[in-house]
Amino acid sequence: MGEALALFGVSVASALVPLINIEVYLVGLAAVRDSTGIWLLATIAGIGQMAGKVVWYYLGANALKWPWIAKRIDTPKGRATLEKWQARTNDRPVLGATLLFASAVSGFPPFAIVAVLAGQLRMSLVTFVVVGTVGRTLRFAAFLGGAGFLSELYGAALG
């Protein structure tokens with residue numbers, strides 16, 4: 001239980017503070033435990049990450065109200081560009097969800113930036129949370145599984 005709470009806490013913190021690297025934490029975790037429970041740990045990490053990324057989503061959604069950003073958008077060209085991209089996102093939700101999923105799994109483009117853009121472009125919060133959680137969980141399962149495999153392989157080679 002303590003391990004799960006610590007993982008959740010580190011996951012939320014890493015979502016909010018980019019200098020905290022959840023992948024390094026997961027690799028370390030996988031190296032000191034057996035490979036059982038990878039999916040549970042990956043899910044906990046995914047949910048924790050998305051709890052933090054929702055903050056970035058809402059920052060993006062509200063950033064357009066900030067005076068220095070509103071000033072840049074409050075030109076005919078800026079407003080037209082924003083409305084064009086909001087329409088593209090709303091008219092093609094599968095495309096937006098696919099980009100979100102790709103970023104959540106691969107980290108490219110950086111998921112923190114995608115979270116802000118999802119908020120600015122008014123992507124559905126439900127879509128953001130569900131697709132992001134699935135993508136992050138798959139990413140973290142790959143890190144846990146890969147690190148666990150290498151740890152067992154290295155241990156077998158030495159043992």
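Student: Which residues does Ile-69 touch, not counting residues up to four places away in sequence?

Tutor: This is a predicted model, where local features need pLDDT of at least 70 and side-chain atom pairs count only at pLDDT 80 or more, while totals for chains, interfaces and linings use all residues. Residues are numbered from 1 along each chain as its sequence is written, and side-chain values use heavy atoms, leaving out hydrogens and water. Contact means heavy atoms within 4.5 Å. Leaving out residues up to four places away in sequence, Ile-69 touches Ala-63 and Leu-64.

Student: Is Ile-69 buried or exposed?

Tutor: Ile-69 sits in helix α4, residues 67-73. A helix here is a DSSP run (H or I, at least four residues; strands are E, at least two), numbered from the N terminus. Buried means under 20% relative accessible area, exposed over 50%, and partly exposed in between (1.4 Å probe, protein chains only). Ile-69 has a relative accessible area of 15%, so it is buried.

Student: How are α1 and α2 oriented to each other?

Tutor: Two packed helices are described by the angle between their axes and the distance between the axes. Axes are lines fitted to C-alpha atoms, for helices over the stretch in contact, and angles run from 0 to 180 degrees between N-to-C directions. The axes of α1 (residues 2-16) and α2 (residues 22-31) come within 9 Å and cross at roughly 160°. Angles under 35 degrees count as roughly parallel, over 145 as roughly antiparallel, 65 to 115 as roughly perpendicular and the rest as oblique, so α1 and α2 are roughly antiparallel.

Student: What is the orientation of α3 to α7?

Tutor: Helix α3 covers residues 38-63 and helix α7 covers residues 111-120, with their axes 6 Å apart. They pack at an angle of about 45°. The two helices are therefore oblique.

Student: How many nonpolar residues are in the contact of α3 with α7?

Tutor: Among the residues that meet are Trp-56 and Tyr-57 in α3, and Phe-111 and Val-116 in α7. Ala, Val, Leu, Ile, Met, Phe, Trp, Tyr, Cys and Pro count as nonpolar, Asp, Glu, Lys and Arg as charged, and the others, Gly among them, as polar. Besides three polar residues and one charged residue, the contact has a nonpolar count of 10.

Student: Which peptide bond is cis?

Tutor: Most residues other than glycine have a negative phi, and most peptide bonds are trans. Look in the loop between α6 (93-106) and α7, where Pro-109 is found. With omega near -10°, the cis bond is the one from Phe-108 to Pro-109.

Student: What is the phi of Arg-122?

Tutor: You can find Arg-122 in the loop between α7 and α8 (125-158). Its relative accessible area is 39%, so Arg-122 is partly exposed. Although Arg-122 is not a glycine, its phi is positive, at about 60°.

Student: How far apart in space are Ala-87 and Leu-59?

Tutor: Ala-87 belongs to helix α5, residues 76-91. Along the sequence, Ala-87 and Leu-59 are 28 residues apart. From C-alpha to C-alpha, their separation in space is 20 Å.
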